[in-house]
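Work through the exercises below with the model open beside you, and try each task before reading its solution.

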Amino acid sequence: MAHISTSAPCAWRAAFGLAAVSLAGFGFLYSMAGVGLGQLLYPERADGSMIVHQGKVLGSELVAQPFAAAGYFQSRPSAAGYDPMGVSGSNAARTNQDLRKRVDEARAAVAAREGVDPAQVPSDLVTQSGGGIDPHISPEAAAIQVGRVAAARGLAPEQVQGLVARYTEAPQFGLLGQPRVKVLPLNLALDRVSAGAR
């Protein structure tokens, strides 16, 4: 009489049980716990650090936006077209001739726009970040834009420089990274100052 094995159904039952526990535990409960803790401990950051004015979302402190008008500080160039759904760098090496040409052209354009020597143009105004949506510029990149922004808005350069200082962040924990200027909040502050001056 043949022996019928009962181990196969038990093995399948264990496999399905482990899969169900893994999916429910790590695919759902763990994710929900992470989202819940984020909302509890850092609600503003968990929601994307949105900047809201009069009930309207103007943007995020975490995502760069393009600014074209002379009265605004310009963001760092973006290889992704400032699209947070398509973040990317140019992926071009320093030896790439097209990259060198683009950087040289951008440097000349920035120098002409700001009325400075091309050698004075900070690299972050002519190079793209790895993600393409870096919301900050260096204090040096902000400093060469102060004169243009002040003239376009009819403000004293010292007043604009004061706003730049207010929106300059120190290195994280005083050690990590470099000082950086938040472009979108700075430009919104300029709008408020200009509106109050009218």
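**Exercise 1: the cavity lining**

Task: find which helix gives the most to the lining of the largest cavity.

Solution. Helix 7 (residues 183-197) contributes most to that lining, with three residues, where helices are DSSP runs of H or I with at least four residues, numbered from the N terminus. The model is a predicted one, in which local features need pLDDT of at least 70 and side-chain atom pairs count only at pLDDT 80 or more, while totals for chains, interfaces and linings use all residues. Residues are numbered from 1 along each chain as its sequence is written, and side-chain values use heavy atoms, with hydrogens and water left out.

Next, take the cavity itself, a set of points on a 1 Å grid over the protein atoms alone where a 1.4 Å probe fits but cannot get out, lining residues having an atom within 4 Å of a point. The largest cavity has a volume of about 40 Å³, the volume being the space filled by probe spheres set on the points, which are joined across faces, edges and corners. Its lining includes Glu 61, Phe 67, Lys 182 and Val 183, and divides into seven nonpolar, two polar and two charged residues, with Pro and Ala counted as nonpolar and Gly as polar.

**Exercise 2: helix 5**

Task: list the buried residues of helix 5.

Solution. Within helix 5 (residues 146-153), Val 146, Arg 148, Val 149, Ala 150 and Arg 153 are buried, meaning under 20% relative accessible area with a 1.4 Å probe and protein chains only. Just after this helix, Gly 154 adopts a positive phi of about 70 degrees.

Notes: 1 Å grid on protein atoms, 1.4 Å probe; cavity = no way out; pocket = protein on both sides within 12 Å on 5 of 7 lines; lining within 4 Å. Helix = DSSP H or I, 4+ residues; strand = E, 2+ residues; numbered from the N terminus. Buried < 20%, exposed > 50% of the residue type's maximum accessible area, 1.4 Å probe, protein only.
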